[in-house]
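Hi everyone, thanks for coming.

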Amino acid sequence: MPVLPSPKLNTTLEGVPPLTNAENVISDLLKEYKSYESISHAQKLLNWDIETYMPEKGIEIRGEILSNLELFQQEFSLKIKDKVESIVEDDLDDFERGIIRILKRHVHFYASLPSNFLKELKKVTTEASVFWRVAKKRSDFSQFSPYLNRIVDLEIQMADRLGYNGHPYNSLMDLFNEGFTVDDADSIFNTILNNAKPILDKILTDGKFSKINPLEKKKYNINKMAEVNKKVIEIFGLPIERFRMDVSAHPFTTSISVNDVRITTRYEGINFKSSLYSTIHECGHAIYYLQRDPRLEFIPGNVEFTAVKDPVPSGGFDESQSRFFENIFSRSIYFIDLIHPYLQGKVINESYSKEDIYIYFNTVRPSLIRVDADEVTYNFHIALRYEIEKLLIEGKIDVNDLPEIWNEFMEKYLGIVPKNDAEGVLQDIHWSNGSFGYFPSYTLGNVISAMIKYKIKNIDEYIKTKNIEGIKQLLREKIHNFGSIYSPKELLMKSFNENYNANYLIKYLNEKYLS
Ligand code: MG
């Protein structure tokens, strides 16, 4: 396994030179951090439990417990503030500099937000997520809007307290994608929207990928689908002694520790590809977390201080791994070759050929629900959320007008309009969580996943030869191994020698759907 830039902090390695003064401080900090990592460990497990097994009523006390744990995190960050800020970075190597960079971000976050503010945010978002569920079930935005009004208010305050250059939304996006700005985002969305629209139009005219497939309406047996998902786990070689899969309404992955990574999947009983691709998406995240250098176990993640708490450099890098496995690998004919025999007799009958399944897995059509959107239209859904969040944080639009604004953007981008709030403005959980600034991560994930295909040597060959272990090894060397040590823009330069570049995604869509 390739090693990290500096093994100096690992005392078990041979030939280690004596620690310098800065290294001593870092080593002390990490020892201290280790005890506080216990809080983060507990938070992740408690959050996982909320989504999987906790009885509904448990949320009342659980919300309070989680908010107290958040305050312990803050206490710790303030305790190490002086030590972290006193370190002179000149003599540090990449590994040490990475640790200090992240700890500084932690300290900045917790020092900028008073504890009563954090407590209020946690309280409102915990309540809001309950009322969001009710509102979505009844398809009635007015039952959620008072909470969302309060959350947007807090998010605007948060942006101000954290500080920013340029646009206030930069401050919130930076929490999930360090250094990512409105200028970056505008340029990426422009490239994608301008180029994906003609691709979509041609696909719709051609009709091959856009026609309604009978499998979309076909019911499946949940137990049989669960067997297919188990097979997926096997195909991707996930180690069962370090990994588990459960069921939740909104699939997610969490890394409790490097040896305890958990995913969830969903079973709606209809249109089996939704369940299949949820599983594969989360497997992509899981592979990332499992392939970190184990010595990074007690190193904070770069989104650790947000609700996300993943051991990664950014939301964009995190989603790039899920989207790479979900789309670039598993919507290819090569993956279908692997999975087709296991679908037969379980969720499809013998009359469906590999080619039929390829078309079904790659259906492209404007649709209302983001999580079910295809590769071509997906980023339009994100662009809409990005524009709305930006306007909300600027204070240019009113929360109460969101259903109409949502529908106007849908009409403009995809030419369709939801019939009700449940399939429109209420569909995503993110705003109830207070995850403002996260959505662009999905598009960055798509952008980086295409960069992986074209820029990591041999990976395309491994896709074609279905060499999954080879793919995992390359991703480990280029990305996974480093955990959160490099900032996302540093890691882009290191892995690809360029910044976010959406043209690779356009090249991929063109080659796949139009040639
Ligand atoms: Mg994801």
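Asn271 is buried, with a relative accessible area of 16%; buried here means under 20% relative accessible area, exposed over 50% and partly exposed in between, with a 1.4 Å probe and protein chains only. Its phi is near 60°, a positive value in a residue other than glycine. You'll find Asn271 in the loop between strand E3 (260–265) and H9; helices (H or I, at least four residues) and strands (E, at least two) are DSSP runs, numbered from the N terminus.

A quick word on ground rules. This is a predicted model, where local features need pLDDT of at least 70 and side-chain atom pairs count only at pLDDT 80 or more, while totals for chains, interfaces and linings use all residues. Residues are numbered from 1 along each chain as its sequence is written, and side-chain values use heavy atoms, leaving out hydrogens and water.

Now to the metal. Which residues coordinate the magnesium ion? They are His281 and His285, each through NE2, and Glu319 through two OE contacts, at 2.2 to 2.7 Å. Donors are N, O and S atoms within 2.8 Å of the metal (3.2 Å for Na, K and Ca), and water is not among the atoms, so sites may look incomplete. The sequence spacing of the donor residues is H-x3-H-x33-E. His281 sits in helix H9 (residues 273–290) and Glu319 in helix H10 (residues 315–329), so this pair ties together parts that are 38 residues apart in sequence. Both His281 and Glu319 are buried.

Next, helix H4. It runs over residues 115–138, 24 residues in total, and spans 35 Å from first C-alpha to last, close to the 34 Å expected at 1.5 Å a residue; that expected span is 1.5 Å times one less than the number of residues. Its buried residues include Phe117, Leu121 and Trp132. Just after H4 comes Ser139, with a positive phi of about 55°, although Ser139 is not a glycine. Ser139 lies in the loop between H4 and H5, and at 23% relative accessibility it counts as partly exposed.
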